[in-house]
Amino acid sequence: MNITPEEQKPCPELPPNLGPYRVETNVSFVMSVRQNEDMEFGGRSKPDTCTALQKIAIVIPFRNREPHLEVWLYNMHPFLKKQRADYGIYVVEQNGDAKFNRAKLMNVGFAEAIKDYDYNCFIFTDVDIIPMDQRNLYRCFKNPRHMANSLDKFNFKLRYKTVFGGVVAFSKEQFQKVNGFSNVFWGWGGEDDELYQRVIAMGMSIERPTQEIAKAKAFVHGRDTGNERNVKTIPLIRKAKERMKRDGLNSLDYKVISITKHRLYTKITVDIGLPEGHLF
Ligand code: UDH
Ligand code: MN
């Protein structure tokens, strides 16, 4: 007899048997698909014997990083299933070769995911960071949560007290409260610190797992073409509080080029425009 969702019990607060996790790097898309044949297209899955506590959209900013995506998917589907998550994966790909805008892609992921399902939690993650402990819950909490505080490439040390990059979790309300990310950070850096300032400006604070539980693998790589360091971030970060009212989800402008529901993820390819004052 099938159990209907109404008859199902909520999943336990803490899934059983969570512990250290060994990241597998020698993988392929084919291996991932074989291991995840139970997935719904678009990279959706939910526990089959209980009702998950949250509905989680995972948003990955992306351009030209297939090898990292391959490893991320191979490791993260089993990881999220083990945590009994009701989740969907959204890979938001910037079309064209203009300067990369990680933050704007995150906003697009949020805006598109909420059209798909009644998500109430959003995890914004780089494609090249994979947790090394299943107790690092990919979920939302009372405060916006930073989960990339203990990366192997930084010897599992917190780099600075207000660091807020790599992987963050926001409930829908928390993300709307800060008006999402800024849309005006083109190139590498600053958008994460600006988001931190938004959180503080709205009277919230951030939280993190312990350094032990947050241990994660971050792949070491060179700088991508098109993602050169942005040298104009400091004045933007300083003015975050003032700008956040008009720069973010409420000013988000983009054109979807395609949405493809692959077995392991939903790929959203998007035209996010060009930096202001861009010259050809
Ligand atoms: N991303 C892409 N494609 C790009 C650029 C960035 O997919 O071309 C995404 C991806 O999810 C990535 C994230 O944006 O994980 C953040 O970008 P990043 O990984 O380049 O940032 P990180 O801080 O490295 O890891 C910066 C380059 C450091 C070079 C140092 C050389 N010693
Ligand atoms: Mn990286």
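Contact here means heavy atoms within 4.5 Å. The model is predicted, so local features need pLDDT of at least 70 and side-chain atom pairs count only at pLDDT 80 or more, whereas totals for chains, interfaces and linings use all residues. Residues are numbered from 1 along each chain as its sequence is written, chains are lettered from A and ligands numbered from 1 in the order in which they are written, and side-chain values use heavy atoms, with hydrogens and water left out.

**View 1. Surroundings of Ile 58 in the largest nonpolar core.** Leaving aside neighbours within four places in sequence, Ile 58 is in contact with Trp 72, Leu 80, Gly 88, Ile 89, Tyr 90, Ile 123, Thr 125 and Tyr 138. The core has 37 residues, and Ile 58, Trp 72, Leu 80, Ile 89, Ile 123 and Tyr 138 have the most contacts inside it. A nonpolar core is a set of buried Ala, Val, Leu, Ile, Met, Phe, Trp, Tyr and Cys residues joined through side-chain atoms within 4.5 Å. Buried means under 20% relative accessible area, exposed over 50%, and partly exposed in between (1.4 Å probe, protein chains only). Elements that give two or more residues to this core include strand 2 (55-62), strand 3 (86-94) and strand 8 (167-171); helix 2 gives the most, with 8 residues. Helices (H or I, at least four residues) and strands (E, at least two) are DSSP runs, numbered from the N terminus.

**View 2. Ala 169 in strand 8.** Ala 169 is buried, because its relative accessible area is 0%. Leaving aside neighbours within four places in sequence, its contacts include Phe 122, Ile 123, Cys 140 and Met 147. Ala 169 and Arg 208 lie 39 residues apart in sequence and 10.0 Å apart in space, C-alpha to C-alpha.

**View 3. The manganese ion (ligand 2).** Asp 128 (OD) and His 221 (NE2) coordinate the ion at 2.1 to 2.2 Å. The two residues are 93 residues apart, Asp 128 in the loop between strand 4 (121-125) and strand 5 (129-131), His 221 in the loop between strand 9 (215-218) and helix 6 (233-238). Donors are N, O and S atoms within 2.8 Å of the metal (3.2 Å for Na, K and Ca); water is not among the atoms, so sites may look incomplete. Asp 128 counts as buried at 7% relative accessibility, and His 221 as partly exposed at 37%.

**View 4. Polar atoms around ligand 1.** A polar side-chain atom of His 221 lies 3.1 Å from an oxygen atom of ligand 1. A backbone N or O atom of Pro 61 lies 2.8 Å from an oxygen atom of ligand 1.

Methods: Polar contact = N/O pair within 3.5 Å; in protein donor to acceptor, adjacent residues only side chain to side chain.
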